[in-house]
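Have a look at it, then read on.

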Amino acid sequence: MKSFITLAVICLVASALATPLELSDEQKAKAKVYIEECAKQENVPEEDIVKFRNKDIANPSKAFKCLGTCFFERAGTLKNDELQDEVVIAKLGALVGEEKAKTVLEKCKGIKAEDRCETGFKTYQCFHAENVAF
């Protein structure tokens with residue numbers, strides 16, 4: 001589980017910062033499994049799965065938002081619609097520095113929306129606006 005959390009953080013930070021990072025085959029396999037499990041759980045159409053894998057967040061559908069939220073829940077970053085401070089600081093801090101991670105966490109925690117999928121997506125947007133992602 002810890003390696004998957006690391007994978008999720010690395011993937012999202014890499015996309016936000018446009019810094020290519022090479023993932024291990026094990027990390028790629030775990031991400032694929034989580035995406036497949038979440039796609040099935042959330043009944044996500046193939047089109048949205050492809051957009052998610054390509055990190056194409058423009059004009060996301062409800063299914064896309066739910067897929068992303070499920071992915072972050074499985075990674076341990078989100079639980080019960082709330083950011084997990086320790087996970088975010090530990091994983092994101094290792095990549096962008098603990099102080100930056102804490103600053104961004106303060107700006108982005110506590111976001112609530114009409115449902116878990118909207119909350120997860122709005123939280124991601126907040127991190128993305130700060131040029132980091134979780």
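Is the crossing of α6 and α7 left-handed or right-handed? I come back to that in point 3.

1. Before anything else, the ground rules. This is a predicted model, where local features need pLDDT of at least 70 and side-chain atom pairs count only at pLDDT 80 or more, while totals for chains, interfaces and linings use all residues. Numbering starts from 1 along each chain as its sequence is written, and side-chain values use heavy atoms, with hydrogens and water left out.

2. The overall layout is seven helices and two strands, in the order α-α-α-α-β-β-α-α-α along the sequence. Helices (H or I, at least four residues) and strands (E, at least two) are DSSP runs, numbered from the N terminus. Of the 134 residues in the protein, 43% are buried, meaning under 20% relative accessible area with a 1.4 Å probe, protein chains only.

3. Now the helix pair. The crossing of α6 and α7 is right-handed, that is, the near helix is turned clockwise from the far one by less than a right angle. The axes of α6 (residues 98-108) and α7 (residues 116-129) come within 9 Å and cross at roughly 140 degrees. Axes here are lines fitted to C-alpha atoms, for helices over the stretch in contact, with angles from 0 to 180 degrees between N-to-C directions. The two helices are therefore oblique to each other; the label covers whatever is left after under 35 degrees (roughly parallel), over 145 (roughly antiparallel) and 65 to 115 (roughly perpendicular).

4. Who meets whom there? On the α6 side V104, L105, K107 and C108 meet T123, C126 and F127 of α7, contact being heavy atoms within 4.5 Å. These residues divide into five nonpolar, one polar and one charged. Nonpolar takes in Ala, Val, Leu, Ile, Met, Phe, Trp, Tyr, Cys and Pro, charged is Asp, Glu, Lys and Arg, and the others, Gly among them, are polar.

5. F127 turns up again in the largest nonpolar core, which has 26 residues; L67, L83 and F127 have the most contacts inside it. Such a core is a set of buried Ala, Val, Leu, Ile, Met, Phe, Trp, Tyr and Cys residues joined through side-chain atoms within 4.5 Å. At least two residues each come from α2 (25-42), α3 (46-53), α4 (62-75), α5 (85-96), α6 and α7, and α4 gives the most, with six.

6. Finally, look at F52 in helix α3. F52 is buried, at 14% relative accessible area. Not counting residues up to four places away in sequence, F52 touches I35, F64, L67, G68 and F71.

Conventions: Buried means under 20% relative accessible area, exposed over 50%, partly exposed in between (1.4 Å probe, protein chains only).
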